[in-house]
Amino acid sequence: MTHHNQTPIPELYVSEDAAAALKHEAGNMPSWDLTPRQLCDLELLMNGGFNPLKGFLTEADYDGVVNEMRLQSGALWPMPITLDVSEKFAEGLEPGTDIALRDAEGVILAIMSVTDKWVPNKSHEAEKVFGADDLAHPAVNYLHNTAGPVYLGGPVKGLQAPTHYDFRGRRNTPNELRAQFKKLGWTRVVVFQTRNPLHRAHQELTFRAAREAQANLMIHPVVGMTKPGDVDHFTRVRCYEAVLDKYPSATTTLSLLNLAMRMGGPREAVWHGLIRKNHGATHFIVGRDHAGPGKNSAGVDFYGPYDAQELFRKHEAEIGVELVDFKHMVYVQERAQYEPADEIEEGVTVLNISGTELRRRLREGLEIPEWFSFPEVVTQLRRTSPPRARQGFTVFFTGLSGSGKSTIANALMVKLMEMGGRPVTLLDGDVVRKHLSSELGFSKEHRDINIKRIGYVASEITKNGGIAICAPIAPYTATRRAVREMVEQYGAFVEVHVATALEECERRDRKGLYKLAREGKIKEFTGISDPYEEPKQPELRVDTQDVDVDSCAHQVLLTLENMGLIGLN
């Protein structure tokens, strides 16, 4: 197999003069502000990473990709690249209209000529592309709950690349990499795709893969969008840089790929292969459960461990990149080295640390052995995730009006302040209404906005290492889930359901609100005319009937201690 992956590939950028003229014209065009995912997609469209695409998919191309993994031209392409927009924006757009595509700051990056506009069947797209219409899949959840309802298709003219202020020297377009390989005389290049920090097993397997293919190695991590809950890319890139020194000098390079992953398993693997072919790769490592999103709603993995390799093999010749088998590497204690799992005789001691176990050790500040990871990598990971007892967290009380949330929250605040070590903020209903939400009423919509504001402030406090205590009624499951996701990017979220019965709350009626609600003077009152959706799996449930406040607050402290967030000793 001879490889000529060093000739330039077509980009979608126009000349500087044309770009200047188009920018001038764009003032009169309808403008679309790109979402973070669309921004990633546009960058790879323009720089040739998504070659042969000439823009966002037309309806016919979209149908072909969803159903057959093929564009109308017959070319292999497994992932729909669509411009999803709101109904309002799509309303006046006739095919033939040019629109300006802008980044979050309003800078015009490209002009798109809209040729197609349609409302997709998203459930069908989910079934075909991701294998199931199941919201446990991050891309399916995105499709239904984040992406706009209308798709636009049409060719794109690139005016300028999106700006990145981080790791600029490590970001390369496909043509920059091709030129670099040509200059270095690299004719065979193995690419390793990753969205996680690299530990010793990865370093061993990539080094072996390159050696067996008699090729050089490019570590090509995704820094666009990965899976919610992944280690942030700033930390990961610092980890990759720490590992580069561990390879023989001048054999290996590191380049960052601004891709928005879909976690689409087999189809994603084929897509990654095509993208890497554009970036000058000749070989591609496909791992076990490549780009898998984890478990579905029934608790079963979305994809089998080798599904991605099978689909890739089937299309290998057409992708134009050779599949390199991912060897599962394990550490053999007796020989103090890594070896492929399938080559090990019986009776030797094999050591292994799972991702879950690694996260537990980081969280609890336990030792991470040198055979497992490089000290330099562990140092970077510890900087970002110190032991839990030094991290910020949020305690979120939810329950009916008059259940005793505020009283327990106050007691908890005082106890945590007595312990010291971290700043404590109480985001109580009345305080929040005064400082954050003075203009809001009590309709469902306004109450939701209020809870999300509380969640946003709590997530910032958590990110900065403090403790946030919140005590809103928060009657709706979906809103509580949104707040949990905001906070869990940065630290622990502890949901406490104050499960005092309605009769007891109404009997206390400290503020006289239940009486007014019963008389119809307060509309939409939780528990009377509006539902309270009980949390299914809170971290703690307390009932305040016949229990004093002090012991309720103490139950919360014990929960925090069990989670490793505080030390009571």
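Predicted model: local features only at pLDDT ≥ 70, side-chain atom pairs only at ≥ 80, totals over all residues.
Two local features of the backbone may be noted here. A cis peptide bond, with an omega of about 15 degrees, joins Asn51 and Pro52, and Pro52 is found in the loop between helix H2 (36-46) and strand S2 (55-56). Met69, although not a glycine, has a positive phi of about 60 degrees, and this residue lies in the loop that runs between helix H3 (59-68) and strand S3 (83-85).

The axes of helix H5 (residues 122-130) and helix H6 (residues 138-145) come within 10 Å and cross at roughly 165 degrees. Since angles over 145 degrees count as roughly antiparallel, H5 is therefore roughly antiparallel to H6. On the H5 side the contact is made by Lys122, Ser123, Glu125, Ala126 and Phe130, and on the H6 side by Ala139, Val140, Leu143 and His144. When these residues are divided by class, the contact of H5 with H6 has five nonpolar, two polar and two charged residues. The crossing of the two helices, H5 and H6, is right-handed.

The sheet that contains strand S8 is an open one, in which five strands follow the order S10-S9-S8-S11-S12 and the pairing is parallel. Strand S10 (252-254) and strand S12 (322-325) stand at the edges and have a single partner strand each, so one side of each is left without a neighbour in the sheet. Neighbouring strands of this sheet are turned against each other by 30 degrees on average, direction ignored. Within the sheet, strand S8 (residues 189-194) and strand S9 (residues 216-221) run parallel and are joined by six bridges, and Phe192 stands opposite Ile219 in S9. Helix H9 lies across S8, S9 and S10, and runs at about 165 degrees to S10. Helix H10 (residues 265-278) also packs on the sheet, where this helix touches S8, S9 and strand S11 (283-286), and the direction of H10 makes about 155 degrees with that of S11.

Helix H9 (residues 233-244) has a further partner in helix H14 (residues 375-384), with the two axes 8 Å apart and an angle of about 165 degrees between them. H9 and H14 are therefore roughly antiparallel to each other, and their crossing is right-handed. In this contact Thr235, Arg238, Cys239, Ala242 and Val243 of H9 meet Glu376, Val377, Gln380, Leu381, Arg383 and Thr384 of H14. By class, five residues of the contact of H9 with H14 are nonpolar, three are polar and three are charged.

The sheet that contains strand S16 is likewise described as open, with five strands in the order S17-S18-S16-S19-S20 and parallel pairing. Its edges are held by strand S17 (424-428) and strand S20 (540-542), each of which has a single partner strand, so one side of each is left without a neighbour in the sheet. From one strand to the next the twist averages 15 degrees. Strand S19 (residues 492-498) pairs with S20 in the parallel sense over three bridges, and the bridge partner of His497 is Arg541 in S20. Helix H18 (residues 477-488) packs on this sheet and touches strand S16 (393-398) and S19, with a direction that makes about 150 degrees with that of S19.

Helix H18 in turn packs with helix H17 (residues 444-463), at an angle of about 20 degrees and with the axes 8 Å apart. Angles under 35 degrees count as roughly parallel, so H17 is roughly parallel to H18. From H17 the contact is made by Asp448, Ile451, Lys452, Gly455, Tyr456, Ala458, Ser459 and Thr462, and from H18 by Thr479, Ala482, Val483, Met486 and Val487. Seven residues of the contact of H17 with H18 are nonpolar, four are polar and two are charged. The crossing in which H17 passes H18 is right-handed.

Key
Residues numbered from 1 in each chain as written. Heavy atoms only, no water. Pairing = 2+ DSSP bridges. Helix = DSSP H or I, 4+ residues; strand = E, 2+ residues; numbered from the N terminus. Axes fitted to C-alpha atoms, helices over the stretch in contact; angles between N-to-C directions. Contact = heavy atoms within 4.5 Å. Parallel < 35°, antiparallel > 145°, perpendicular 65-115°, else oblique. Left-handed = near helix turned anticlockwise from the far one by under 90°. Nonpolar A, V, L, I, M, F, W, Y, C, P; charged D, E, K, R; others polar.
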